[in-house]
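Me: Please take a close look at one part of this model, the packing of its side chains. I would like the cut-offs stated along the way.

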Amino acid sequence: RHAAPDAEGRAVRQPRHFVLKQFEAWLNETGLAFVAAEDVRRTTPAVKPYVGVLDFIVLRGETKLLVTVRPHLQAKHLKAIGELQNVFGPEYEPMRIWPAEGPDGWIWEDHPIDVSAAKAS
């Protein structure tokens with residue numbers, strides 16, 4: 001059932017909730033600092049209407065990422081992410097992360113999110 005992936009890796013086809021668990025496990029393994037969106041919802045009431053699209057805030061070195069683990073983003077997701085960036089500040093970079101299957105397992109790929117189109121509408 002599983003074909004060997006090519007060198008570039010192919011996007012993983014798995015349910016989002018499964019990928020989310022794997023990503024959290026990967027964050028724990030790599031020792032990256034992160035906060036789950038559920039915790040943010042409790043501590044920062046201003047984000048409640050928009051946080052559904054956000055999964056984690058990840059600190060990667062000096063970089064602060066607003067991370068969503070979704071295979072695709074719709075216009076409503078982009079709008080919500082734009083609002084979150086307004087709340088947290090421009091130093092927080094929105095990022096969609098979704099894995100690809102490589103020869104040694106999953107590779108977590110960054111896909112920067114441009115929310116400027118959603119802000120304009």
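Reply:

**Cores and ring pairs**

Apart from neighbours within four places in sequence, L54 is in contact with A37, L66, V67 and L84, contact being heavy atoms within 4.5 Å. The model is predicted, with local features requiring pLDDT of at least 70 and side-chain atom pairs pLDDT 80 or more, while totals for chains, interfaces and linings use all residues. Numbering runs from 1 along each chain as its sequence is written, and side-chain values use heavy atoms, without hydrogens or water.

L54 belongs to the largest nonpolar core, which has 15 residues; V47, L54, I57, L66, L84 and F88 have the most contacts inside it. Such a core is a set of buried Ala, Val, Leu, Ile, Met, Phe, Trp, Tyr and Cys residues joined through side-chain atoms within 4.5 Å. Buried means under 20% relative accessible area, exposed over 50%, and partly exposed in between, with a 1.4 Å probe and protein chains only. Helices α2 (37-43) and α3 (75-88) each supply at least two residues of this core, and α3 gives the most, with four. A second, separate core holds 14 residues, including V19, L27, F56 and M95.

These elements belong to a set of four helices and six strands, in the order β-α-β-α-β-β-α-β-β-α. Helices (H or I, at least four residues) and strands (E, at least two) are DSSP runs numbered from the N terminus. Of the 121 residues in the protein, 36% are buried.

The aromatic rings come next. Rings of Phe, Tyr and Trp (its six-membered ring) pair if their centres lie within 6.5 Å; planes under 30 degrees apart are stacked, over 60 edge-to-face, and the rest tilted. By this rule there are eight aromatic pairs. W26 and W108 form a tilted one, at 6.1 Å centre to centre and 35 degrees between the planes. The pair links distant parts of the chain, with W26 in helix α1 (residues 16-30) and W108 in strand β6 (residues 105-112), 82 residues apart. W26 is partly exposed at 27% relative accessibility, whereas W108 is buried at 14%.

F34 and F56 make an edge-to-face pair, at 5.5 Å centre to centre and 85 degrees between the planes. F34 lies in strand β2 (residues 33-36) and F56 in strand β3 (residues 56-60), so this pair ties together parts 22 residues apart in sequence. F34 is partly exposed, with a relative accessible area of 22%; F56 is buried, at 3%, and is also one of the residues of the second core. Ring pairs link F18, F23, W26, F34, F56, W106 and W108 into a cluster.
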